[in-house]
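Trainee: I am new to this structure and would like a close look at one part of it. Could you walk me through the place where two of the chains meet?

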Amino acid sequence: MAVETMSIQLSARGDADVVNITDQVSSVVRESGLNDGIATIFSPSATTALTTIEFESGCISDLKRMFDEILPPERNYQHNLKWGDGNGHSHVRAALLKSSFTVPFVDRRLTLGTWQQIIFVDFDNRSRRRKLVVQVMGE
Amino acid sequence: MAVETMSIQLSARGDADVVNITDQVSSVVRESGLNDGIATIFSPSATTALTTIEFESGCISDLKRMFDEILPPERNYQHNLKWGDGNGHSHVRAALLKSSFTVPFVDRRLTLGTWQQIIFVDFDNRSRRRKLVVQVMGE
Amino acid sequence: MAVETMSIQLSARGDADVVNITDQVSSVVRESGLNDGIATIFSPSATTALTTIEFESGCISDLKRMFDEILPPERNYQHNLKWGDGNGHSHVRAALLKSSFTVPFVDRRLTLGTWQQIIFVDFDNRSRRRKLVVQVMGE
């Protein structure tokens with residue numbers, strides 16, 4: 001049993017920009033030398049989140065519409081009234097979707113379904129460079 | 001420390017069908033021979049998700065109503081316009097609720113509360129046989 | 001590699017009361033003696049959940065508003081009609097936000113971002129004493 005902590009870096013445009021990070025997580029698992037275990041992906045940021053989805057433009061568009069409906073950017077947020085940075089909706093969206101995701105791997109391969117990809121969603125209101133933690137634990 | 005990867009199989013009717021998988025996860029933990037650790041349940045599918053709830057018909061009905069309200073099946077989805085399979089709402093619901101769940105166990109027992117069960121939710125628009133990954137890690 | 005299971009206790013007022021548990025989780029990690037691994041926080045309750053957020057009053061208020069909008073307390077819930085305890089909205093909110101959270105630690109420190117805290121959200125409709133499981137696994 002061992003633990004390996006790596007990071008992956010990416011650029012995101014904000015405004016619910018969705019980035020497919022499946023290949024990068026798969027690479028971390030392969031390079032860890034571990035056969036079976038879990039990969040924990042964690043985004044050390046308060047305005048981003050992680051989940052899985054079928055990564056095709058229709059699903060991505062539909063996901064964004066849901067967030068635009070339940071947490072629209074253009075309304076008042078107490079966070080914005082206090083801090084003036086205009087990303088109150090980003091914070092609540094990220095808290096709802098959550099910044100952590102765990103996926104098992106077996107024989108060095110993630111156990112994802114055929115149409116299922118791991119995505120990073122940047123809800124912030126501007127472009128950012130982002131760094132994610134990928135920690136692999138297993139044997 | 002060791003890792004054991006098992007699977008559990010089930011049938012689900014789709015349309016936010018909720019299946020209580022607590023007993024199956026508990027069995028995997030007991031059969032692993034491990035005393036303390038985590039069970040990671042993962043659904044390798046883009047239209048299903050995992051969480052906990054009090055598994056009684058009222059809560060299940062209320063959960064379905066929420067998804068029907070925030071992601072109604074009968075509206076237009078970009079996924080449906082592209083692929084024509086009518087399950088655009090299923091994809092977004094699954095991405096929101098997420099396909100992974102982790103629960104600690106102690107002395108071979110899941111640390112669930114008395115009224116708390118682990119559920120699999122199949123958001124797809126038809127009946128399916130499903131196979132979940134349950135990976136137990138600990139000592 | 002080792003596993004340590006601890007618990008943290010807290011009081012919560014209910015009604016989407018948000019408690020910042022970051023310091024308590026950090027303490028568990030430090031006291032475990034492990035350097036690198038994951039902390040799994042789990043709430044053994046059907047009306048509570050865990051996530052991360054920037055813990056400031058604006059974000060907390062905005063988070064509560066979202067739940068009040070998508071799952072208002074004052075409407076009918078099938079759970080309430082069956083059980084009469086008035087917390088049907090609490091159950092669905094908790095199922096949506098989920099009762100488990102996993103965060104990696106490196107060199108004995110949680111990998112949280114600067115503005116990111118781990119929160120416990122009590123959705124129940126009354127004050128409660130709560131006990132959370134914090135299980136640390138690593139080396």
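Mentor: Let's begin with the surfaces themselves. Only 11% of the interface residues of chain C are also interface residues in chain B, so the two copies meet through different surfaces. Keep in mind as you look that this is a predicted model. At this interface, 28 residues of chain C are in contact with 28 residues of chain B. On the side of chain C that touches chain B, the elements giving two or more residues are the strands β1 (2-12), β3 (37-42), β5 (100-106) and β8 (128-138), together with the helices α3 (78-83) and α4 (88-97). By kind, the residues on this side of chain C divide into 15 nonpolar, 11 polar and 2 charged.

Now for how the two chains are placed.

While you have chain B in view, here is one of its sheets. This open sheet of 3 strands runs in the order β2-β7-β4 in chain B, with antiparallel pairing. Its edge strands, each pairing on one side only, are β2 (17-20) and β4 (48-53) of chain B. On average, neighbouring strands of the sheet are turned by 30° against each other, direction ignored. Between β4(B) and the antiparallel strand β7 (residues 117-122) of chain B there are 6 bridges. To find your place there, look for T52(B), which stands opposite I118(B) in β7(B).

Technical notes
Residues are numbered from 1 along each chain as its sequence is written. Chains are lettered from A and ligands numbered from 1 in the order in which they are written. This is a predicted model: local features need pLDDT of at least 70, side-chain atom pairs count only at pLDDT 80 or more; totals for chains, interfaces and linings use all residues. Two residues are in contact if their C-beta atoms, placed from the backbone, lie within 7 Å. Helices (H or I, at least four residues) and strands (E, at least two) are DSSP runs, numbered from the N terminus. Ala, Val, Leu, Ile, Met, Phe, Trp, Tyr, Cys and Pro count as nonpolar, Asp, Glu, Lys and Arg as charged, and the others, Gly among them, as polar. Two strands pair if DSSP finds at least two bridges between them. Axes are lines fitted to C-alpha atoms, for helices over the stretch in contact, and angles run from 0 to 180 degrees between N-to-C directions.
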